Amino acid sequence: MKIKSLGAAEVVTGSCHYIQTKENIFLVDCGMFQGKNEDKNYEHIDCVANDIDFVLITHGHLDHVGRLPLLYKEGFRGRVYSTKATIDIAKVVLFDAANLMQEDYITRHKKALRRGEVAQKPLYEPKDVRNMFKELEFIDVKYNKKIKVSKNIQAVFKDAGHILGSSIIKLTIKEGSKKIVTFSGDLGNKHNDILPPPAIIKKSDYLFCESTYGDRNHKPFKESIKEFRKTIIDTLNNNGNVIIPSFAIERTQEVLCALKDMYKEGLFPKNTHVFLDSPMAIKATNVYVKYHKRLSAKCNKYLKKDGHIFEFDILKFTTKVEQSKKINEVKSRAIIIAGSGMCNGGRVLHHLKNRIWNPKNTVIFVGYQAVGTLGRDIVNGEKWIRIYNEDILIQSKIVTINGFSAHADQSELLEWIKPMKNNLKAVFLIHGEKEKQEIFKQKIIEKFNLKTHIVKPKEIIGI
């Protein structure tokens, strides 16, 4: 068996792993690169699309499903296995990505014409996404149920606790001898209010493990909530505004839960306004409600008591552009949750442009900021940023609260690996920045004395 990582190797994004056995060729994930690696999306996927028998999807984030329509355009017509919730999340994510790329292309095309140049076309269009979902066979996988994906390959999807529908994929492959290969997907932070902790895997021969936060431990969730509350209340009491760049899936829902708790406890000063200014996040929130049985007891308690999980009286959903623009009329005590989470596009750019120069305001980052994104520049302490061709001085308070992370930290990753340690022949680190992976690699070796390898881009690993 040969495994080659076509993404998420020594970087966090672009998850795509090519597996070739004696009888099958398949992928685990087919995600998009983000941040400084975005240009890689326009490179040909290093496989023959119509040779791929099937694709296994760990979850619906763009960096795990974003190139699936491209694979379809290039000729893939095989089956796609994932949980039903992942399929629904992927629809929200992929249509949003296609629409954004199309809008961006229209703008770039006009500018290119004026320069006598040709603009690069989008990877795919909304019609490609529609055709893909119509034409491909999407198999709804249930957690913990063994499924035969081919004659000699059995898969089990287990709850990864990362976002709704996210999965750890455990493969049993018979090639003479039987080999068990596990892909962690993205493992969730077990200290959250929305989802259960990642499922335990007791036996595997080989592990391909994410390592996003392999170099550090998150601040305890209770401390993070305390800091989150204090930061918001201090800003509002100073008649300032709070901007929260937030990922539409999971992070937004956690933030809404935290704000709802504050509202229920009467912690907001008078005339506080809360806006969820992200059509994608609103759609994703509706998907979460649809699958409420997969959510925590706390979420279901809110549903039973209030008739809804995430909504509260002072929260407004703004879907239309006109509604988003009207938020600018609120001069103080506004809490604005907007995408994108890494500030590399979306409505949050308008809010940053209008408010980040004001020292009364606060920007709270509650998620990972990839290298090469505007969000990473801001958290790294840049004094000036450029938005829509305007240089803007950063004078707002910048706060990073990593206890909201949807990823397991170093100690949780080690705890998750521990039950497998007596069976593992090797651990392969993926989905992380190399310098952080080096730290995590040493921790695994020190703690478990396991053979641990950092996967290089397109490196062929024989098992």
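The views show a predicted model, where local features need pLDDT of at least 70 and side-chain atom pairs count only at pLDDT 80 or more, while totals for chains, interfaces and linings use all residues. Residues are numbered from 1 along each chain as its sequence is written, and side-chain values use heavy atoms, with hydrogens and water left out.

View 1. Let us begin with helix H5, residues 221–237. Helices (H or I, at least four residues) and strands (E, at least two) are DSSP runs, numbered from the N terminus. H5 has 17 residues and reaches 24 Å from its first C-alpha to its last, close to the expected 24 Å; the expected span is 1.5 Å times one less than the number of residues. Its buried residues include Phe221, Ile225, Phe228 and Ile232. Here buried means under 20% relative accessible area, exposed over 50%, and partly exposed in between (1.4 Å probe, protein chains only). Seen down the axis of H5, the buried residues fall within an arc of 165°, so they line one face of the helix; the arc is that of the directions from the helix axis to the C-beta atoms. On the other side of H5, you will find Lys222, Lys226 and Lys230 exposed. Just after H5, Asn239 takes a positive phi of about 60°.

**View 2. Ile232 and the largest nonpolar core.** A nonpolar core is a set of buried Ala, Val, Leu, Ile, Met, Phe, Trp, Tyr and Cys residues joined through side-chain atoms within 4.5 Å. The largest one has 78 residues, and Leu71, Tyr124, Phe228, Ile232 and Leu259 touch the most other members. Helix H3 (residues 84–115) gives the most to this core, with 10 residues. Not counting residues up to four places away in sequence, Ile232 touches Val242, Leu259, Met262, Phe268, Ile335 and Ile364, a contact being heavy atoms within 4.5 Å.

**View 3. Salt bridges.** Side chains of opposite charge can pair when their charged atoms come close. A salt bridge is a side-chain nitrogen of Lys or Arg within 4 Å of a carboxyl oxygen of Asp or Glu, and the whole structure has 23 of them. Glu227 is partly exposed at 24% relative accessibility, and Lys219 is partly exposed at 35%. Another salt bridge joins the side chains of Lys84 and Asp88 (3.2 Å, N to O). Both lie in helix H3, four residues apart, about one turn of the helix. Asp88 counts as buried because its relative accessibility is 10%, whereas Lys84, at 35%, is partly exposed.

**View 4. Asn361 in its loop.** Asn361 sits in the loop between helix H10 (348–355) and strand E16 (362–365). Is Asn361 buried or exposed? At 3% relative accessibility, Asn361 counts as buried. Leaving aside neighbours within four places in sequence, Asn361 is in contact with Thr235, Gly240, Asn241, Arg355, Ser396 and Lys397. A polar atom of the Asn361 side chain lies 3.0 Å from the backbone oxygen of Arg355.

Conventions:
Polar contact = N/O pair within 3.5 Å; in protein donor to acceptor, adjacent residues only side chain to side chain.
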